[in-house]
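Student: Please take a close look at the surroundings of the ligand, and at one residue in that part of the protein.

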Amino acid sequence: MDAPTERTRVKRLNKRAKYDTETVHGILDAMPICNVGYVFNGAPYVTPTLQWREGDHLYWHGSSASRMLEACEETQVCVTVSIIDGFVMARSAFNHSCNYRSVMVFGTAKKVTDAAEKEARLKAFTDGQWPGRWDMLRPMTAKELKATTVLSLSLDEASAKVRTGAPGDDEEDYALPIWAGVIPVRTEVLPPIDDPRLITGLKPPAHITGYKIG
Ligand SMILES: Cc1cc2nc3c(=O)[nH]c(=O)nc-3n(C[C@H](O)[C@H](O)[C@H](O)COP(=O)(O)OP(=O)(O)OC[C@H]3O[C@@H](n4cnc5c(N)ncnc54)[C@H](O)[C@@H]3O)c2cc1C
């Protein structure tokens, strides 16, 4: 990372481009939802799923029976993560925009084959989102571990693009009597809802009540 490759160099509005580790990691850590793009039987697919980052790798997981996970293994993929921070309302339709933070990663997805390593990755995913949860859970069985695939992707080839701030209108349009500005947007976490079958009186732990996203 830090320097773009031919395919990660942002061409369109390149003043919004960032390639530094801190920005890329910050966006990945702020939003667990990603889109995984891959080609299967000659056709493109983009599958939304959850991702997490450990060091300089991004991971995603799912059922070992998942076509997406099988199709991605040892093949070229493109994974994006995006966060919308606002709708940018300009004085012309053309100059409307979005405030956002996004990352695009390219590379070859690798399967985590070692069972202990796979379990460690799944623990890191769980605890990364909800600190301390893994050790509170009924341990994963060997069968469950086998039924789960974890893929990894190096962050060596990644770009970020970030837009912030007010609209950029044409100079003569600033005199127009049209409201312009930003509608801020954020993903909000609401209070947890007890499972109807929860043991009476059990309170959600801090990693549930304190959960944040974005
Ligand atoms: C929430 C959101 C809303 C958006 N809405 C629009 C919209 O309505 N219309 C629109 O045209 N664009 C929109 N964008 C920007 C869009 O993602 C592309 O950057 C833009 O369309 C230019 O694409 P391109 O292929 O011409 O970019 P190029 O500059 O040709 O792409 C070259 C390389 O730059 C990098 N890159 C490009 N875009 C991104 C990105 N978003 N994040 C990280 N790396 C990137 C990639 O590595 C890519 O391979 C939006 C982005 C987000 C996150």
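Tutor: Strand β6 gives the largest share of the shell around the ligand, five residues. Strands here are DSSP runs of E, at least two residues long, numbered from the N terminus. This is a predicted model, in which local features need pLDDT of at least 70 and side-chain atom pairs count only at pLDDT 80 or more, while totals for chains, interfaces and linings use all residues. Residues are numbered from 1 along each chain as its sequence is written, and side-chain values use heavy atoms, with hydrogens and water left out.

The ligand is surrounded by 15 residues, and the closest are R7, K11, R12, S102 and K161; a residue counts if one of its heavy atoms lies within 4 Å of the ligand. A polar backbone atom of R7 is 2.5 Å from an oxygen atom of the ligand. The side chain of S102 has an N or O atom 2.7 Å from a nitrogen atom of the ligand. For S159, a side-chain N or O atom is 2.8 Å from a ligand oxygen. Taken alone, the ligand exposes 870 Å², of which the protein buries 59% (Shrake-Rupley method, 1.4 Å probe). Two or more residues of the shell come from each of β6 (97-108) and β9.

R163 lies in strand β9 (residues 157-163). R163 is buried yet has no salt bridge. Buried means under 20% relative accessible area, and a salt bridge needs a side-chain nitrogen of Lys or Arg within 4 Å of a carboxyl oxygen of Asp or Glu.

Definitions and conventions:
Helix = DSSP H or I, 4+ residues; strand = E, 2+ residues; numbered from the N terminus. Buried < 20%, exposed > 50% of the residue type's maximum accessible area, 1.4 Å probe, protein only. Lys, Arg positive; Asp, Glu negative; His and termini not counted. Polar contact = N/O pair within 3.5 Å; in protein donor to acceptor, adjacent residues only side chain to side chain.
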